Amino acid sequence: MTALEERPLSAGDSGYQRIRSDIIFGVLTPSGRLRLDAMKEDYGVSISTLREILNRLTSEGFVVAEGQRGFEVAPISIQNLRELADLRILLEHHAMAESFRAGDVEWEGRVVSAHHKLAATERTVLREGDDPELRKRYDGEFHQALISSCGSRELMHTHAVVFDKYFRYALRYRGTETINQHKALLECALKRDIKSARAVLSEHIDGCVAHALSSWKDA
């Protein structure tokens, strides 16, 4: 195996990624009971492996353990959305400031590349319709690139988990407003304009919250 080749995922790791993704994108519905016998067939893993996966997802906040009743998908709520939004702002404001100060030309390259892929994806979404999984991938990569020189792997990992939880509420695309805000964040990064980046990010996340709440009312 060469250094460029990736090792194949174990059944447990593959099952973990699939179940986690299905929770984020609503395939497994919020507050829904997770029935191990059915999931064993759906995800191709043993009951014992499923329990390990669900316990891991419980520790991350995607699943709720109900004692003798088993497991349920973590619920969604307005309060939880607002808590995650506030946490994203807190984490990203700090991480962006550290990253903007420390970022070098390699960091600039990561940010520009990540934005290029995100912008291309967003143009495709406007033209051909939404693909939430693809959009999440490049949206997350862009926000991670912005903070990638913050100097803390723990901070980046925590941000990634919070971003994934937050995306459960961001499945409906906001359109051109989001595109403009992502472009503004890119420009702030290249100028090392921390103050403006924080303002744009807050507006970006607050707009996502308002859009999610509006979508709930229309549902």
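Predicted model: local features only at pLDDT ≥ 70, side-chain atom pairs only at ≥ 80, totals over all residues.
Let me begin with the largest pocket, which lies between domain 1 (11-73) and domain 2 (78-218), because both domains give residues to its lining; the domain bounds come from an automatic or database domain assignment. Residues are numbered from 1 along each chain as its sequence is written, and side-chain values use heavy atoms, with hydrogens and water left out.

What do we mean by a pocket here? On a 1 Å grid over the protein atoms alone, a pocket is an open set of points where a 1.4 Å probe fits, with protein on both sides within 12 Å along at least five of seven lines, whereas a cavity is a set from which the probe cannot get out, and lining residues have an atom within 4 Å of a point. Grid points are joined across faces, edges and corners, and a volume is the space filled by probe spheres set on the points.

Helices here are DSSP runs (H or I, at least four residues), as are strands (E, at least two), and both are numbered from the N terminus. Sorted by class, the lining of the largest pocket has 15 nonpolar, six polar and seven charged residues, where Ala, Val, Leu, Ile, Met, Phe, Trp, Tyr, Cys and Pro count as nonpolar, Asp, Glu, Lys and Arg as charged, and the others, Gly among them, as polar.

The second largest pocket has a volume of about 350 Å³. Of its 17 lining residues, the closest to the centre are Arg20, Ile24, Lys136, Ala160 and Asp164, and the elements that give two or more residues to this lining are H1, H6 and H7. Its classes come to six nonpolar, five polar and six charged residues. This pocket, too, lies between domain 1 (11-73) and domain 2 (78-218), since both give residues to its lining.

Please keep Arg20, Lys136 and Asp164 in mind, because a salt bridge is defined as a side-chain nitrogen of Lys or Arg within 4 Å of a carboxyl oxygen of Asp or Glu. A network of such bridges links Arg20, Glu60, Lys136 and Asp164. Lys136 is also one of the buried residues of H6, and others among them are Tyr138, Phe142 and Leu146; buried means under 20% relative accessible area, exposed over 50%, and partly exposed in between (1.4 Å probe, protein chains only). H6 itself (residues 132-146) has 15 residues and reaches 21 Å from its first C-alpha to its last, close to the 21 Å expected at 1.5 Å a residue, the expected span being 1.5 Å times one less than the number of residues.

How many salt bridges does a search of the whole structure find? The search finds 13. One of them joins the side chains of glutamate 72 and arginine 33 at 3.7 Å, N to O, and this pair links distant parts of the chain, as glutamate 72 is in strand E3 (residues 71-73) and arginine 33 in strand E1 (residues 33-34), 39 residues apart. Glutamate 72 is buried, at 14% relative accessible area, whereas arginine 33 is partly exposed, at 36%. Arginine 174 and glutamate 177 also meet in a salt bridge, at 3.1 Å, with arginine 174 buried at 15% and glutamate 177 partly exposed at 39%. Arginine 127 and glutamate 128 form another, with their closest N and O atoms 3.7 Å apart, and both of these residues are exposed.

I will finish with the backbone. Most residues other than glycine have a negative phi. Serine 31, however, has a positive phi of about 70 degrees, and this residue sits in the loop between H1 and E1. Arginine 192, in the loop between H8 and H9, likewise has a positive phi, near 60 degrees, and is partly exposed at 27%.
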